[in-house]
Amino acid sequence: MKTRFEHAYVLNVMADDRPGIIAAVSGVIVALGGNIDACSQTVLGGYFTQILVVSFPKTVAAQDIVVRIQKAAPPGGALEVAARPYAAPVTPVEHKMGERFVITALGKDKPGIIHRFSQYLAGKDINIVDLYWDCAGEDFVLTAQVEIPKRWELALLQADLDEMGREEGFSARVQHENIFVATNQLRLPGGQLIGNCFSAEASHGRQ
Amino acid sequence: MLRTDEILSTIQMLHAEHLDVRTVTLGLNVNDCAASSVDNVCRKLREKILRHASTLVRTCDRVGGKYGIPVTNKRLAISPASHLLAGHGHGAALRLAQTLDDAAKECNINLVGGFTALVQKGISGGDAIVMESLPQVLSSTQRVCASVNVASHRAGINMDAVRQMGEILLKIAAATAAQRGFGCAKLVIFSNIPEDNPFMAGAYHGEGEAEATINIGVSGPGVVSSALHRRIQLGGPLTLGDLAEEIKITSFRVTRVGELIGREVAAELGVPFGIVDLSLAPTPEVGDSVGEILRTLGIEKIGAPGSTAAVAMLTDAVKKGGAFASSSVGGMSGAFIPVSEDSALADAAAKGHLTLEKLEAMTSVCSVGLDMIAIPGDTPAETISAIIADEMAIGVMNNKTTGVRLIPVPGAKTGELVEFGGLFGSATVMEIRNTGASAAFVRLGGRIPAPIQSLRN
């Protein structure tokens, strides 16, 4: 990812959720003459978390950014910040060549399911780009958006997931992401629906 | 990045509500299989089908697996068999049908359509062979489906053909009496037959089509019904307009599933993608019923006053959703009301809520027509022809497709329950009122002229 200014940092903010956190963080960036190049934020179980890539025209000490944000934080709860210099990560070439799939799993909740699931994917060099887990009573639902290297046979992955599901008490499905794009978004995927119509980059950029 | 709620709503539709792709139908022009000897016709036909269709099932299964959506039926629709049979005899018709049956079996294809005659204005030599051989063909083959187009808004209604079809239906029923006249379930008599319809038994590959195309039939009455239930459970002030909107949105999503699968299958097979036909095509399975949608819309007894309006709203909303989802919508694209194949409709017919006359009225605003209706086996041919003529008139006058799939069940009387099995379900034999009272009209024959296109009131 190319940042606007030369001196870039990745920030991670975690806080008790309340109004004013984003205003505080962005206020500090502006005050330092910087730019927010990318950010993603979510709230889970009453906790706010945000990851940002920010850049500045002049060198800024990472610790300075942290202290300023903590001082600017709105009252009413804790707020933690971590900052480290940003360098564009080198994505393994194979991930770029893989296609995006969505794995969904539904079943009875018990400890260790996400670990077993993610360990399996890691062993196959399958990259999780987005993970969601929620419980309603005893039941859980998991959705994982993943990049599957082309060398894997989809039917075999599905068979492995079926077997894992039998052992752990859940049902899991792996489906190409285009089915979710086609059924939810006004435009057909990329104006074309055939096979490998997304590069990894294009896919990342789509909202 | 996809949103979690998008993923979960699609999962709900695909898996909890059992959305499937009802059919992937390969349309194939076989006119180049014509030859002077029937041996050569059959050899060329088999070779061509195997060349194009041998990988159809495998491809559909692979693509279906990739998206997690089963493709329930893989089918083949050929250009009208009447073209190949011109200049040949009745024996050739049977040989050709047998070749189709065997080739379909070899390719693991459920059904093959296109044993078709287009006779809306007149009956050619090839058409006559197709029509006359139907009893033998439909009783001696498993997978061959037939259609006869006897009317169009440009030609009017060929009453000579209509009259013949009444007699032929009785002969088919007699030839398949052991299966309670089941041969008739593999024949549709049409007005304005679509050239790209992927649904059986009426699929054929039209003259205006490419050499080969992939047409998709998606269904999903269960998905529409669930969406309506969810909307109603949300509460709040609710009008039919709101429910029509819900049907439209659901149809949009269902159509997209079909187009995604269809385009990919077509690309893999190296043939152009044709159309996606979004028709609410029920199956006997509970929850997969157009009748249940009508009940959800507040028609307590299907066939009661209001049923026609409800079907009209449903069909229109389905078309609108489909048309917005895809620029390649075709075929029938509406709501089917096949009585035996729809548990709620079959139930309404058994209880006497749904009569033939009301069904006929409903078909004036929905897809296809009098579909999968069991009638007494002793119904006179002229009366069957008159029922066909009425349904054709609805199609011709309204410039829409209508079809008739009647099953005169040999030996069965009104009210008797007839079991066809599998997807064809079971049906109570419906009462035909005023039997025989239109014989003189039918016997006049000739052609009912094409309707005027102006002064429409």
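**Exercise 1. How many salt bridges are there over all chains, and what does one of them tie together?**

Step 1. Start with the rule: a salt bridge is a side-chain nitrogen of Lys or Arg within 4 Å of a carboxyl oxygen of Asp or Glu.

Step 2. By this rule, the count over all chains of this predicted model comes to 32 salt bridges.

Step 3. One of them pairs Arg95(B) with Asp39(B), whose closest N and O atoms are 2.5 Å apart. Arg95(B) sits in helix 5 of chain B and Asp39(B) in helix 2 (residues 38-53) of chain B, so the pair ties together parts that are 56 residues apart in sequence. Helices (H or I, at least four residues) and strands (E, at least two) are DSSP runs, numbered from the N terminus.

A note before you go on: residues are numbered from 1 along each chain as its sequence is written, and chains are lettered from A and ligands numbered from 1 in the order in which they are written. In this predicted model local features need pLDDT of at least 70, side-chain atom pairs count only at pLDDT 80 or more, totals for chains, interfaces and linings use all residues, and side-chain values use heavy atoms, with hydrogens and water left out.

**Exercise 2. Describe the contact between chain B and chain A.**

Step 1. Contact means heavy atoms within 4.5 Å. Chain B gives 27 residues to it and chain A gives 34 residues.

Step 2. The area buried between the two chains is about 2,600 Å², with 66% of it from carbon and sulfur atoms. Buried area is the accessible area (1.4 Å probe) that two parts lose on being put together, summed over both.

Step 3. Between chain B and chain A, the salt bridge count is zero.

**Exercise 3. How do helix 5 and helix 6 of chain B pack?**

Step 1. Two packed helices are described by the angle between their axes and the distance between the axes. Axes are lines fitted to C-alpha atoms, for helices over the stretch in contact, and angles run from 0 to 180 degrees between N-to-C directions.

Step 2. Helix 5 (residues 90-106) and helix 6 (residues 125-140) of chain B pack at about 45°, with axes 9 Å apart. That makes helix 5 of chain B oblique to helix 6 of chain B (under 35 degrees counts as roughly parallel, over 145 as roughly antiparallel, 65 to 115 as roughly perpendicular and the rest as oblique).

Step 3. The contact residues include Ala93(B) and Leu94(B) of helix 5 of chain B, and Ile129(B) and Glu132(B) of helix 6 of chain B.

Step 4. By class, this contact of helix 5 with helix 6 of chain B has five nonpolar, five polar and one charged residues. Here Ala, Val, Leu, Ile, Met, Phe, Trp, Tyr, Cys and Pro count as nonpolar, Asp, Glu, Lys and Arg as charged, and the others, Gly among them, as polar.

**Exercise 4. At what angle do helix 8 and helix 9 of chain B pack?**

Step 1. Helix 8 (residues 221-233) and helix 9 (residues 240-269) of chain B pack at about 140°, with axes 9 Å apart. That makes helix 8 of chain B oblique to helix 9 of chain B.

Step 2. Among the residues in contact are Val223(B) of helix 8 of chain B and Leu243(B) of helix 9 of chain B. The residues of this contact of helix 8 with helix 9 of chain B divide into eight nonpolar, one polar and three charged.

**Exercise 5. Which residues does the cis peptide bond join?**

Step 1. Most residues other than glycine have a negative phi, and most peptide bonds are trans.

Step 2. A cis peptide bond joins Met200(B) and Ala201(B), with omega about 15°. Ala201(B) lies in the loop between strand 6 (187-191) and strand 7 (212-218) of chain B.
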